[in-house]
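Reader: I would like to learn how to read helices and sheets in a model. Could you walk me through one?

Author: Gladly; here it is.

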Amino acid sequence: MKVALSLENIREASQSIDPVFLRSPQFVSAGLSDRLGRETVIKIETFNPIKSFKGRGADYFMRQIPSGRTVACASAGNFGQAIAYAGSARGVSVRVFAATTANTAKVARMRELGAQVVLEGPDFDAAKSAARAYVRLHPECLFVEDGHDARISEGAGTVAVELDRMPMDVLLVPVGNGALISGIGRWMKARNPQTKIIGICAQAAPAMALSWREGRPVSSQTTATMADGLAVRVPVPAAVDWMREYVDDMVLVSEESIWRALEVVRDTLGLLVEPSGAAGIAAALEYGRHGSPLGTIITGGNLSAELLASLTGDAPAR
């Protein structure tokens, strides 16, 4: 049975989740506006303890979990950090399953935050299958899935509560498991229905865009993108349903555009961010020149060591 996202829960989350994740910087960037040829609102979700928006939904979800419980999840890195951070604050043990190819900096940070990290499988969705298998053998452990639980999307939707008075006709939202765009879309369609909500996926990881177009989960064979936060191979059905209701369009961006977006963010905002965090800028570079005001969200700043070296030195990106 489809669960509806609640405007009241999004409003409550905007007042109750850990303040370190709320009221992130948002402004019209003159440098980005000049580079993109249109007025551009930017919201920066990297200035918090886990350097990503994921803390919003994880904190709202974990508020319902009693101390002493154990939760398990799968993560490319940022969601696992968020669950670990919220779990540590509440006395909840956290076990995160990640791919053997996961960003080593993200893995290290999850462990620093107190999570037990299990590396299993070649990609995120294989790690998720391992997490499900573990929970079947350990029924005392609660499985939490990003993109499935309404409270995670509602917590992420607090981004829209803060953005809904900003001047923009189009909002470009990076799409991984779909929690962020679902929560944002729910709020915006009720409060500012004139704002078009457009999801951004990597061409090399198109499953969520294909699913939105088909109206059902459509898996892809591979996720060969540098944007690990967008590297979803097997979509979450609940997120696909929510996106179909609240999202106006989905677009794909190339690896070249993602890399160029990292450079643009570095040069105009002075920020080093992860590839998935810059996906909205990549879409604006490909599709967005010369038009009405747009907005996007820098969703994460947890760079791999290799990409960090490429952005700060002379080495090529790939």
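Reader: Which helices do the buried residues of H1 pack against?

Author: First, a word on the source: this is a predicted model, where local features need pLDDT of at least 70 and side-chain atom pairs count only at pLDDT 80 or more, while totals for chains, interfaces and linings use all residues. Residues are numbered from 1 along each chain as its sequence is written, and side-chain values use heavy atoms, with hydrogens and water left out. Helices (DSSP runs of H or I, at least four residues) and strands (E, at least two) are numbered from the N terminus. The buried residues of H1 pack against H3 (54-62), H7 (150-156), H8 (158-163) and H9 (179-191), contact meaning heavy atoms within 4.5 Å.

Reader: Which residues of H1 are buried, and why do they line one face?

Author: An α-helix has 3.6 residues a turn, so residues three or four places apart point the same way. In H1 (residues 7-16), the buried ones are Ile10, Ala13 and Ser14; buried means under 20% relative accessible area with a 1.4 Å probe, protein chains only. Down the axis of H1 they fall within an arc of 100 degrees (taken from the directions from the axis to the C-beta atoms), so they line one face.

Reader: In what order do the strands of the sheet run?

Author: Strands of a sheet pair through backbone hydrogen bonds, either parallel or antiparallel. Here six strands form an open, mixed sheet ordered E1-E2-E10-E7-E8-E9, with pairing requiring at least two DSSP bridges. E1 (26-28) and E9 (249-253) are at the edges, each with a single partner strand, so one side of each lacks a neighbour in the sheet.

Reader: How many bridges join E7 to E10?

Author: Three, and these two strands run parallel. Leucine 172 has threonine 296 in E10 as its bridge partner.

Conventions: Buried means under 20% relative accessible area, exposed over 50%, partly exposed in between (1.4 Å probe, protein chains only).
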